[in-house]
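Okay, thanks everyone, let's get going.

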Amino acid sequence: MNILSPSLLAADYCNLEKDIKEVQEAGAQYLHIDVMDGMFVPSISFGMPLITCIRKCTDIFFDVHLMIERPERYIKEFAESGADLINFHLEATEDVEGTIAKIRSFGKKVGITIKPKTPASAVEPYLHLVDMVLVMTVEPGFGGQKLIPECLNKVPEIRNMVQAKGLDIDIEVDGGINADNVTAAIEAGANVIVAGSAVFGNDITGKVKKFLEKMQ
Ligand code: DX5
Ligand code: ZN
């Protein structure tokens, strides 16, 4: 089954509990949590204290996307804050295998993420070690950007590598996904869809339901 992971970055920060409950009740299975450090990406979003806090008001699956330099420094903190899955960027660390092992040591699911200019082949050496590959469809750092269509070409490439190795791995896409292009993302082979600005705002329930219909 395909999974919708609404991005908290676009939620109403004065009403996080209300927005999170609304996406979950409307049928979204994951919550995508974007952590930005002002170094790996130009912007700063939020960190462990916020995740610890919202963990108390929801049991939804926390899909944490670390856009931080040397993520290996903070795996313990994010694991203890309540992440269910931790995605980190291959471009952000020189110790990919060590970072994967650290995430596993806390019993969390592991995702590796690639930016638009990183080729699909970069993930191949790690596929047997991870639960998810996150393919960025915009340059990471900001919500509300336009999807870069060429990035979707990496999804079938990765899907083919995964199948050739006899593995079962989720492929998530993130950035600029909306009700008009989600079908193309699913057809390319993605099964976890992140959407921020196309979900939050007004009529969250209606927008989640529309996504889920198109993702069937
Ligand atoms: C971008 C983030 C995305 C972002 C998606 O750096 O990783 O998760 O919140 O937002 P939209 O769906 O508005 O492009
Ligand atoms: Zn993200």
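So, start with two side chains: Asp34 and Asp174 are both buried, where buried means under 20% relative accessible area, exposed over 50% and partly exposed in between, with a 1.4 Å probe and protein chains only. Quick housekeeping: this is a predicted model, so local features need pLDDT of at least 70 and side-chain atom pairs count only at pLDDT 80 or more, while totals for chains, interfaces and linings use all residues. Residues are numbered from 1 along each chain as written, chains are lettered from A and ligands numbered from 1 in written order, and side-chain values use heavy atoms, without hydrogens or water.

What coordinates the zinc ion (ligand 2)? That's His32 (NE2), Asp34 (OD), His65 (ND1) and Asp174 (OD), at 2.0 to 2.3 Å. Donors here are N, O and S atoms within 2.8 Å of the metal, or 3.2 Å for Na, K and Ca. Along the chain their spacing reads H-x1-D-x30-H-x108-D. Asp34 sits in strand β2 (residues 30-36) and Asp174 in strand β7 (residues 170-174), so the pair ties together parts 140 residues apart in sequence; strands are DSSP E runs of at least two residues.

Now ligand 1. A polar side-chain atom of Asp174 is 2.6 Å from one of its oxygen atoms. For Ser197, a side-chain N or O atom lies 2.5 Å from an oxygen of ligand 1. On its own ligand 1 exposes 380 Å², and the protein buries 99% of that, with areas from Shrake-Rupley and a 1.4 Å probe.

Notes:
Helices (H or I, at least four residues) and strands (E, at least two) are DSSP runs, numbered from the N terminus. A polar contact is a pair of N or O atoms within 3.5 Å; within protein, one must be able to donate a hydrogen and the other to accept it, and residues adjacent in sequence count only if both atoms are side-chain atoms.
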